[in-house]
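Please keep the structure open while you go through them.

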Amino acid sequence: MLNMFKLVSPYTPKTDQVNAIKELVKNFNTKKSQVLLGATGTGKTFTIANVIEKVQKKTLIMVHNKTLAAQLYGEFKELFPNNHVEYYVSYFDFYQPEAYKPQTNTYIEKTAQSNQEIEMLRLSTLRSLSTHDDVIVIASVAAIFASTSPKDFEEYRIIIKVGDKINRKQFLYNLVRLQYKRNDFENVAGSFRAKGDVIQIFPGYTDEYSIRISLFGENVEKIDKVDSLTNKVIKTYQIFDFVPANEYISNTSRIDESIKRIKAELKERSEYFAKRNELLEKQRIEERTNHDIEMLLELGYVNGIENYSRHLELRNAGDTPYTIFDFFKDNDWLLVIDESHKTIPQIHGMYNTDKSRKTTLIDYGFRLPSALDNRPLKFDEFLLKIKHAIYVSATPNEWEIEQSGNNYVEQIIRPTGLLDPVIKIVPTNNQIDILIKELDQQIKNNERTFVVVLTIKMAEELSYLLHNKGYKVAYLHNEVTTIDRTIIINDLRRGKYDLIIGINLLREGLDVPEVSLICVFDADKPGFLRDEKSLIQIFGRAARNVNGRVILFADNETKDMKNAIAETTRRRNIQIAYNKEHNIIPKTIVKPIFGDLRSNTETKAMEALFHKQTNKKNATKSIALLRKQMLEAAKEKEYEKAAYFRDLLLELESKFDAK
């Protein structure tokens, strides 16, 4: 009997959620693509959770950045506590991928220390998809990057049962074949130790426990799950299955043919460099590739093995690589694209970005041309993988709406009763005087303001002018570090600042309920920062406050302005009617200020650790520690703490070029 998705929540669907769930479920089998147009604060996550429970299909939820992925992961873990909710993020979210910088003759190698946590998360995802039916995967656009073959991953499994008769030597050999490494001293994921009749294996997907196999002669007497820290038995199994310790694994039955193909390509590439008299590049590719061939023959694995995936899987040049999509097998599953107006463009661009980086490595002799086939999916390949898709956004692009047949499901009403802001167009004559008058009223009401401008020069000059007039103003620009940016936002919330001026105030982490006024300068200028969708997103920043309003400084009402205002007004009127019918009085969202965590001992220690780093060697250790703290905070659903550790991590990686 299949495990069933079971939603656990004290809440029930309300308002637009009821109809949205009904429509999305009803159209599931008849429409390949659907759009959920959901305004901010309407409970889109809860709606999708209900859809998953009703359609009972494996689900992949893709988002455009790791912070949102971590947040959704925590939410779905809570909503589906008895099912398998997994977190699959891109390597590139956390460290510098292999790269070469010709300008400085700098080669940057991918290091195992940098990605151990990520590999465990990815491996756990593949394991769940291979062994369970009730799986929800929360992923970044990592989902479109090349992974291992599902057939190889499942073939290279060891299943043992209590009472089985096993050859100890052969069993240890099989563990090595699955990329487990012997380690008699440390409890490291993807390792094992064997002493007498006891074999202890640390699965590659976790460092929290090990599996201890007790033998009596050649018979499996006991299989225990043992806590890695306390060494106490957590659970006893009758049967256990070991999956590979690494996501990328080579099928040894094909290794001879694979090596033959790699050698043929190496010969061709060496001749290419020789004809061009590029002797350094020729030496590089020969030394690296021959070393990798030796490691593959000896161990069946080498760092960067994924770059040989075309040959190891005996694929032809240009063939579509295996990805996590292939682990969904029968293709009868659900894909949810969250914040689709941002995620879909990312998916569009990933192939060319990856190709550019790898081409540099190939041109300078660090990789064979076949490395290009270890790549993300092209957009048309991505579309072919989809059978059921729901695109979720407050501002879906035309592409998503066209995919749904120009019909979309709306979720506009907020159970909180909060309204979209009132919008006013004001001529640019005397715009500074008008802004100052509005700021005085904002300060009197103890409320905050965002001011959005188009150029750095305008932001600097306006900040200087307002500062000289006695206003507490901060300016966000591209040179403000992620750490300082977080501090500035929280200081605005506390009242240290009256307003923040910025060019692009649409980035993550800017849900500030204290902001009740947004002033947009040059609202009628053409460009993506003033198009319809960007304006709607800007307006949404004032939808957390009961007094939310927007002033657009413009001498003309552009088509984008008119459409954005019309859509916001439409949503506002729908909410007003609902509030009136149900006697709801809107209230400003109350949200704790994360900055208080700076006085927390743990956070303070991490910040001190950050400032103490003076060399790359020490920084590498600190990066690993910060990453661990970040992931632990995310697991505990302390998302803002996780974001803070992430900011420290990114700053440190950038400082020492140690991504």
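1. Arg254 and Asp152 are both buried, a word used here for under 20% relative accessible area, whereas exposed means over 50% and partly exposed lies in between (1.4 Å probe, protein chains only). This is a predicted model, in which local features need pLDDT of at least 70 and side-chain atom pairs count only at pLDDT 80 or more, while totals for chains, interfaces and linings use all residues. Residues are numbered from 1 along each chain as its sequence is written, and side-chain values use heavy atoms, with hydrogens and water left out.

2. Arg254 forms a salt bridge with Asp152, and their closest N and O atoms are 2.6 Å apart; the term asks for a side-chain nitrogen of Lys or Arg within 4 Å of a carboxyl oxygen of Asp or Glu. The two residues are 102 residues apart, with Arg254 in the loop between strand E14 (239-242) and helix H7 (255-275), and Asp152 in helix H5 (residues 150-155). Helices (H or I, at least four residues) and strands (E, at least two) are DSSP runs, numbered from the N terminus.

3. Asp498 forms a salt bridge with Lys472, the closest N and O atoms being 3.9 Å apart. Asp498 counts as buried at 10% relative accessibility, whereas Lys472, with a relative accessible area of 38%, is partly exposed.

4. Strand E16 (residues 388-393) has six of its six residues buried, so it is largely enclosed by the rest of the structure. E16 pairs in the parallel sense with strand E1 (residues 33-38) over five bridges, and pairing requires that DSSP finds at least two bridges between the strands.
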